[in-house]
Amino acid sequence: SHSMSSSLLVKKSAIDDIDDKIIFRIEDPAKLEQEGKWSEEKRIEGFPWKLFVMTEEEEDGKTYLQVDLFCLKGNESNVWFCNASYEITLVNQKDDRQSRTIVEEYRFSGPHGDSRSWTLPSMENLLNSERGFIKDNWIVIEARVNVKEEDQSIEFRPRISHYPFHKTEINDTKLVIDDEEFYVSKSFFALQSPYFRNLFYGDSKTRDDTEFMLDGVKSDDFLILYHRLYRTGFYTFESEFENVLRAAKHFEMPRIIDDVEMELIDNNGGSIACKLRIACQFNLHVLKDNCMSDLDSCISIREVMNSEEYALIPNEIKITLFNKYTNLCDCK
């Protein structure tokens, strides 16, 4: 199954079975400062929905709760849309009248999936039991979704899927990773990667073999790599990019590395510090240059310097950032 590798997936018991509503109970919300949490997928009026909750530090130096509502219909169809109204509520467990609710309408669409994001109270207020949002170390977020009636009956064309688990005339070779089996096309994989070309055809003694054991990557990461290689459109979350890059580097797949680099460049909402660290780690020169160009103010450079990612950035980049910071501040 598709993995959200650096996120915590909430247990099924945290989702109540209400037709048009996700009730997402999150234990120990203080840990959100390290990693976000996903809700289970909830199918509402023919569309798959998920909540993602994380924290975000704002310019005032405070950390706030951020909630994203995802519509993942893109995993099922290449071309789709969904007009929906929705309510996102941070439940006040002491006094329901003090709950924070956001009501909006939006047209969801996109090649993979689409989402909306909101910033809710600061973590300082959220973790203060007197405020009523936290009780017994749990917070509750509710999402009620109402899909426009005429959109519920549309039959979108199904996405063409390539299932790595099934043996077919084309998928003639079995790869085993962490005891999981993936059937692939030997010739296609050999064309995509020097690693697999050498594995399949480098030794005359193994050219007729149809089963190979692989190590060095996790099976979940290989599954994401597989979907990207076949361009199935299966959604890759931002938190998974680094694992995909690591797997693509291990298996010598430059096309996948290029694709991920371009997605990171186009992702305007991602952390520059994180992208810069990834660019340095995987030698993504265009992404690195893009990050350095975006760091055009004392504030933006200071944010990178104060981030946890900064310790993992090479010294030569730190020197460049420091010189740029000094020059920008001296000009003021």
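This is a predicted model: local features need pLDDT of at least 70, side-chain atom pairs count only at pLDDT 80 or more; totals for chains, interfaces and linings use all residues.

**Strand pairing and helix packing**

Within β13, Lys 174 finds its bridge partner in Glu 211. Strand β11 (residues 173-177) and β13 are paired in the parallel sense, over 3 bridges. Another residue of this pairing is Val 176, whose bridge partner in β13 is Met 213.

β11 and β12 run antiparallel and are joined by 5 bridges. Here Lys 174 stands opposite Tyr 183 of β12. The two strands form a hairpin with 2 residues between them, and Asp 178 in the turn has a positive phi of about 50°. Taken together, the three strands make an open sheet in the order β12-β11-β13, with mixed pairing. Its edge strands, each pairing on one side only, are β12 (180-184) and β13 (211-213). On average, and with direction ignored, neighbouring strands of this sheet are turned by 25° against each other.

How many of the 5 residues of β11 are buried? The count is 5 of 5, and the strand is accordingly described as mostly covered. In a regular strand the side chains alternate between the two faces of the sheet. In β11, Thr 173, Leu 175 and Ile 177 lie on one side and Lys 174 and Val 176 on the other; they are all buried, and both faces are covered. Helix α5 lies across β11 and β12, and runs at about 20° to β12.

The UniProt record, in an unreviewed entry, places the feature "domain: BTB" at residues 171-230. In the model this span is 43% helix and 22% strand, and its end C-alpha atoms lie 12 Å apart. Helix α4 (residues 194-201) contains Leu 199. The C-alpha atoms of Leu 199 and Gly 74 are separated by 34 Å, the two residues being 125 residues apart along the chain.

Helix α6 (residues 241-250) is also mostly covered, with 7 of its 10 residues buried. These buried residues are Phe 241, Glu 242, Asn 243, Val 244, Leu 245, Ala 247 and Ala 248. What covers them includes α5 (219-229), α7 (254-266) and α8 (272-281). After α6 comes Glu 252, whose phi is positive, near 55°.

A further helix pair is formed by α10 and α11. Two packed helices are described by the angle between their axes and the distance between the axes. For helix α10 (residues 298-305) and helix α11 (residues 315-330), the axes come within 9 Å and cross at roughly 150°. The crossing in which α10 passes α11 is left-handed. On the α10 side the contact is made by Cys 298, Ile 301, Arg 302, Val 304 and Met 305, and on the α11 side by Leu 321, Phe 322, Lys 324, Tyr 325, Leu 328 and Cys 329. Of these contact residues, 9 are nonpolar, none is polar and 2 are charged.

A second open sheet has 4 strands in the order β2-β10-β7-β8, with antiparallel pairing. Its edge strands are β2 (21-27) and β8 (100-109), each of which pairs on one side only. Neighbouring strands in this sheet are turned by 20° against each other on average, direction ignored. Strand β7 (residues 81-90) and strand β10 (residues 138-147) pair in the antiparallel sense over 7 bridges. Tyr 86 has Val 145 of β10 as its bridge partner.

Two loop residues complete the account. Asp 136 is found in the loop between α1 (123-126) and β10. Its phi is positive, near 55°, in a residue other than glycine. Asp 136 is exposed, with a relative accessible area of 65%. Glu 45, in the loop between β4 (42-44) and β5 (47-57), likewise has a positive phi, near 50°. Glu 45 is partly exposed, with a relative accessible area of 30%.

Notes: Residues are numbered from 1 along each chain as its sequence is written. Side-chain values use heavy atoms; hydrogens and water are left out. Axes are lines fitted to C-alpha atoms, for helices over the stretch in contact, and angles run from 0 to 180 degrees between N-to-C directions. A crossing is left-handed if the near helix is turned anticlockwise from the far one by less than a right angle, and right-handed if clockwise. Contact means heavy atoms within 4.5 Å. Ala, Val, Leu, Ile, Met, Phe, Trp, Tyr, Cys and Pro count as nonpolar, Asp, Glu, Lys and Arg as charged, and the others, Gly among them, as polar. Two strands pair if DSSP finds at least two bridges between them. UniProt positions are given in the numbering used here, feature names are shortened, and annotations may be inferred rather than shown by experiment. Buried means under 20% relative accessible area, exposed over 50%, partly exposed in between (1.4 Å probe, protein chains only).
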